[in-house]
Amino acid sequence: MNLARKTIPELRTMLDSKEISVRELTNSILQQVQQKDGDLKSFLTIFSEKELSPAIDAAQKAIDEGKATDLTGIPCSVKDIFNMVGTRTTASAKILDNYIAPYESTVTSRLKNAGAIIVGKVNMDAWAHGSSTETSDYGPSHNPWDITRHPGGSSGGSASSVAGGQVPYSVGTETAGSIRGPAAATGITGFKGTYGRVSRYGVIAMGSSLDSPGPLTRTVEDAATIMKYISGHDAHDGTSIQESALNIDLSARKDLKGLKIGISNDYFSGAIQPGVSARVKEALEVMKSLGAEIREVEMLNPEYAVAVYTIVCRSEVSSNLARYTGTRYGTFKNDPVQTVYDVFMNNRSIFGFEAKRRSMTGSYVLSKGYYDKYYRKAQQVRTLIRQDYDKIFQDVDVFISPTLPNIAEVIGDALNNPLFGEMADLLICASAMAGIPGISVPVGLTENMPVGMQIIGPAKAEERIAQVAHVYQTATEFHKLVPANYE
Amino acid sequence: MSNAMNGKSLKMAEGHEKYDLIIGLEIHVEPKTNSKMFCSCSADFWEKEPNTQTCPVCLGLPGALPLVNKKAVELMIKTGLALHSEIRRKTKFDRKHYFYPDLPKGYQLSQYDEPICEGGYISVSGVDGSEKQIAITRIHMEEDVAKALHAKDATGEYTLIDYNKSGVPLFELVTEPVINSSDEAWEFAKKYQQILRYLGVSDADIEKGQMRCEPNISIQKKGTWKYENGEIIPTTDAPLLERVEVKNIGSIRFMKNAIDYEFNRLVELAEAGEEIRQQTRGWNPAKGKTEFQRYKETAQDYRYFPDPDIPPLEISEEMIDSIKKEVPELPDEKIWRYEKDFGISAYDAGILVEDKAKAEYVEQIFAAANNTTEIITDAVKFLNGIGASWSNNAGKSIVESSLQPKALIEVITLLHSGDITRNAASQLVEKLLNEGGNVSELVEKLGLKVLNDTGALEKFVDEAIAENPNAVADYKSGKMNAIGFLMGQVMRKSGGSAKPGDVQTLLKDKLSQL
C-alpha cells in the first residue's frame with residue numbers, strides 16, 4: 001500500500017487513530033520518494049529521517065496531545081522556489097547551487113506551523129521560466145504517465161512527485177499556468193488563488209505582479225484544506241490581500257443547479273488538441289447533468305493575453321534577475337581569478353539560455369523609448385483583460401476551458417519554440433494577468449495521457465470555483481486514475 | 001591640465017562680466033526614521049559594526065519583499081508642505097536599474113514620474129540683495145545603497161561591503177537650474193538644512209553624511225540663453241556650453257568652493273576656446289579642487305518601471321491635514337513676524353532663529369517680556385551682543401547657558417525702572433550666562449542697585465576729593481578731563497551702583513565750591 005496515494009483526510013484518520021505514527025508515515029513516504037526518483041527526478045533535495053526528526057517528533061506530540069491540525073504529521077514536497085531556513089534553495093538555477101537560505105518563506109513557515117512534514121524540495125523550470133521543467137539547470141523531471149514526456153511546469157517536480165505517488169501533496173507557485181499546467185499534464189488537481197491570496201514573501205520572484213503560490217493535490221478537498229493553512233494576509237508582503245485565511249466550505253454545494261458556466265469557442269479550437277477539447281466537453285456534459293447551464297461568452301482572443309504576459313513578465317524577470325550579478329551568488333571556483341570581471345563572467349555564464357533570453361527581452365522592452373511602446377501598452381491591455389472578465393462574470397458564475405492546449409510533450413520537442421512556455425500557457429495567461437483564481441481538475445485521458453479542465457472565477461471567488469470543482473470530482477472518478485507504473 | 005589653466009587667469013569678477021553661471025542642485029538628505037525605508041532594520045548605521053543591521057530585505061536576498069516605511073513618507077510630506085510643494089495624492093515607487101556591487105538588488109527603489117512632492121521653493125537673497133525664490137522641481141524618496149570599502153593589502157586589492165546603510169531612506173531634492181551664484185547655492189542648502197532641522201525631519205548632519213550636495217554647473221555667454229519651461233535654451237545660433245556635475249559633496253561649504261572652482265575652470269576653458277564636455281567630477285577637499293571622474297555624454301538607461309512589489313500609495317486629505325498641523329512656524333516666517341511686531345532687523349532676527357532650539361528659547365524670552373517692544377528691543381541687544389560673544393567663547397549655544405529667559409527680562413525691567421545701570425545690567429547678564437542665579441539676590445550681593453541715597457553719594461564724592469588733591473588741583477588749573485579720574489573713584493567706591501550722571505553733577509558742584 002502506497003501511503004502517498006492517500007488523501008489528507010485519510011492520512012489524518014490513520015494518524016489520529018494511531019494506526020500509524022508520524023515517523024512510520026514519513027519513512028514510508030521517504031521510501032516512495034527514493035524508490036521512484038531515479039525515474040521521475042522530481043526532487044532536488046531530499047531530507048533524511050534524521051533531518052526531519054524534530055518535525056516528526058513535534059507533529060507526533062501535537063497528535064498525542066490532541067492538538068493536531070488537518071496537516072499535522074502529513075508529509076509533502078515544496079517547489080525549490082521557497083526559502084527554507086538552513087536549506088539549499090535554488091529555483092533550479094545553478095547560480096544558486098550553494099545558496100543556503102537564511103530565512104523562511106511565509107508559505108513554508110505556515111506549513112511547518114501547521115505540523116506538515118516537508119520531506120524535500122522539488123524540481124522546476126529554472127527561475128520558473130518554462131512549462132516543462134526542461135529549463136531546469138538540474139535536468140527535467142519526468143511524467144509518471146510516460147517518462148519520455150515532461151510533467152508540465154514550472155511546478156513540474158511538484159506535479160511528478162504527487163502524480164507519481166511520491167508524496168500526498170505538494171506546494172508550488174504559478175505565474176501564468178505553473179500550477180494548473182503541470183496539474184493538468186499529470187492528472188492531478190492544481191489550485192491557484194487570487195493574486196495576493198497566498199504570500200509571496202520568501203518565494204524567489206519570477207513575475208512579481210503575477211506570482212501566486214498554491215497546492216497540487218489528488219483532490220479538490222485536499223487543495224482547499226492546504227489553502228486554509230497557506231493563505232491569509234501576511235504583513236511581509238505589501239501585495240497580500242488584507243483578509244484572513246480562506247476557509248472553504250465544500251459541503252455548501254451538493255450539485256450545480258443554477259450555476260451558469262461561461263465557455264468561449266477560442267478556448268476549444270485552433271491550436272487545441274482535439275482529444276483535449278473532447279475530454280473537457282464531456283466534462284461539461286457531466287456538469288450540465290448536475291444542473292449547470294452552459295453559455296457561450298464573448299472573450300478577447302487568448303493570444304492577446306500571451307503577448308501582454310510575455311512583455312510584462314519578461315520585464316519583471318529582467319529586473320528580478322538583476323540581483324544575480326555574479327558577485328554574491330555563484331560558484332566561486334577555486335582557480336584564481338585575475339579581475340573582478342572574471343568573477344562576474346564566470347558566475348553569470350552559469351545562467352541558462354532561457355533566463356538569458358527572457359532577461360534580454362525584458363531589458364529591451366523596458367529601455368528608453370520602448371517602455372511606452374511595450375510595457376505601458378501591455379499594462380493598458382492588461383486592464384482591458386481584467387475588464388473582459390468583469391464583463392463576463394456579470395453573466396456567468398465561472399468560466400471553463402481546457403487547462404493546456406495539448407497533452408504533455410515528449411521531452412525536447414518544445415525547446416525549439418522561442419515562446420515555449422508562453423504558448424503552453426495560452427489558455428491560462430488571461431486569467432493569470434487578471435489575477436483571478438483558477439483550479440484545474442483531471443477530466444480523463446487522451447492518447448493515454450491526462451487532460452485537465454480549468455474552472456476560473458472572479459477575484460476572491462476561490463470558494464465558488466472549489467465548490468464547483470468538488471461537485472464535479474464527487475461525481476467522477478478521473479482524479480483517482482493512477483499511472484500504471486507508479487502506483 | 002589644459003594650457004588655459006596654466007595661462008593667464010581671468011579674475012572671477014571679469015568672468016562674471018562675460019558669463020552667466022547657471023546652477024541646478026540635487027541634495028540628498030537622510031530623514032530621521034527609526035527603521036530603514038523598506039524593512040524594519042535600524043536606520044541608524046553610523047559607526048555600527050559592519051553588517052549587523054541587515055535582514056533579507058535590505059540584503060536583497062532572493063524572495064524578500066519591501067514594505068514602505070510610512071514614517072518616512074510622512075516626513076517627506078511634512079518637508080514638502082514646508083517648502084510650498086504640491087503633495088501627490090497618489091504616488092508610487094519605481095525600480096531604477098544599474099549595476100554596482102553596493103546595490104544588492106541590481107536596482108534601487110526610487111520614484112520616477114510620480115514623486116511625492118512636486119514644485120515649491122526656498123527664498124534666498126539674490127545678487128542685488130532682493131528676495132529670490134529658488135524653484136524646486138521635485139522631492140522624491142529613494143533607498144540608500146550599501147557602503148563599499150575598497151582596500152589593499154598583501155593579498156591584493158579587494159572590496160568589502162557593509163550593508164548597514166543599504167535601504168536607509170533618502171530624500172532627493174532637485175531644483176530648477178535657476179541658481180546663479182555660489183552664494184545663492186550656499187544659502188539655498190543652508191536654508192534647506194535649517195528647515196529640515198526645524199521640522200524635526202532630519203538632523204542633516206554633514207559629518208554623518210546625512211546631507212550630500214550635487215551641483216550641476218554650466219556657464220553661458222551673456223545674452224546667449226534663456227530659461228523657459230524648466231529648460232535652458234539657446235537664443236542664438238551658437239550651441240550652449242555643456243554642463244558639469246560635481247557628485248557627492250559632503251558639505252555645504254565645499255559645495256560653494258566647488259562651484260567657485262568650476263566657474264573659474266569653465267571660464268578659462270571657454271576663453272581659451274577649448275571644448276567643454278559634459279562630465280561628472282568630484283570635489284577633493286584636501287586639494288581644494290574638483291577632479292575629473294567620467295564623461296557623461298550618453299544618458300544612462302535605468303529601465304525604470306513601477307515596482308510590482310509595492311502597491312501605489314494613496315495619500316489622503318486627512319493625512320495631509322494632520323501633518324500640516326505638525327509644521328511649526330519656520331525661520332522666514334519668524335523673521336518676518338519679529339520685524340513686523342517688534343521692529344527687529346532681519347539681520348538680528350536671523351541670528352535669533354538660526355536653529356529651532358534657540359528660536360524656542362527666544363520665544364520664551366519674548367513671552368516673559370509680555371511681547372513688550374521696548375523690553376524685547378533690549379533683550380535682542382543682550383542676546384546678539386553679550387549672548388553671542390558668550391556663545392562664541394564657550395563654543396555652545398546660548399540655550400545651553402545658565403541664563404533663564406525670565407531672569408533676562410528681570411534684568412531689563414530693573415534697567416528700565418532705573419534701578420540698575422546699563423553697565424550693571426551687562427555685568428548681571430554675563431554672570432547669569434555663566435552661573436545663573438536669582439536676579440534680585442545678585443543685585444543685592446554685587447551691590448548693583450543704583451545709589452539713590454544722596455547722602456551716601458555725597459560722602460563718596462567728598463572722600464574722592466579729599467583723597468586726590470592732585471586731581472583736584474589739575475581740574476582747578478583747567479585740566480577738565482581730571483574729572484574723569486575723580487568720577488572713576490566715586491564709581492569704584494559705590495561699587496558701580498551710582499548713576500554716572502548724578503556723580504558728575506555732584507562732583508562739578510562740589511569742585512566749583514572749592
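Guide: Helices here are DSSP runs of H or I with at least four residues, strands are DSSP runs of E with at least two, and both are numbered from the N terminus. This is a predicted model, in which local features need pLDDT of at least 70 and side-chain atom pairs count only at pLDDT 80 or more, while totals for chains, interfaces and linings use all residues. Residues are numbered from 1 along each chain as its sequence is written, chains are lettered from A and ligands numbered from 1 in the order in which they are written, and side-chain values use heavy atoms, with hydrogens and water left out.

Visitor: What separates A:Arg12 and A:Asp16 in helix α1 of chain A?

Guide: About one helical turn, because the two residues are four apart in α1 (residues 8-16).

Visitor: Why is the pair of A:Arg12 and A:Asp16 called a salt bridge?

Guide: The term requires a side-chain nitrogen of Lys or Arg within 4 Å of a carboxyl oxygen of Asp or Glu. The closest N and O atoms of A:Arg12 and A:Asp16 are 3.1 Å apart, so the pair qualifies. Side chains of opposite charge can pair when their charged atoms come close.

Visitor: Is A:Arg12 buried or exposed?

Guide: Buried means under 20% relative accessible area, exposed over 50%, and partly exposed in between (1.4 Å probe, protein chains only). A:Arg12 has 11% and is therefore buried, whereas A:Asp16, at 40%, counts as partly exposed.

Visitor: What makes B:Glu245 and B:Lys296 a tie between parts of chain B?

Guide: Their side chains meet in a salt bridge at 2.8 Å, N to O. B:Glu245 lies in strand β15 (residues 244-247) and B:Lys296 in the loop between β17 (289-295) and β18 (305-306), so the bridge ties together parts 51 residues apart in sequence. B:Glu245 is buried at 6% relative accessible area, and B:Lys296 is partly exposed at 34%.

Visitor: Which parts of chain B do B:Glu467 and B:Lys493 link?

Guide: The salt bridge between them has its closest N and O atoms 3.0 Å apart. The pair links helix α14 (residues 454-467), which holds B:Glu467, to helix α16 (residues 482-493), which holds B:Lys493, 26 residues away. Both are partly exposed: B:Glu467 has a relative accessible area of 48%, and B:Lys493 has 25%.

Visitor: How many salt bridges does the rule find across the interface of chain A and chain B?

Guide: One. The side chains of A:Arg200 and B:Asp309 meet at 2.9 Å, N to O. The structure holds 67 salt bridges over all chains.

Visitor: How many residues does the contact take from each chain?

Guide: Contact means heavy atoms within 4.5 Å, and 37 residues of chain A and 28 residues of chain B take part. The two chains bury about 2,700 Å², 56% of it on carbon and sulfur atoms; buried area is the accessible area (1.4 Å probe) that two parts lose on being put together, summed over both. A:Ser319, A:Arg323 and A:Arg328 supply 24% of what chain A buries against chain B, more than any other three residues.
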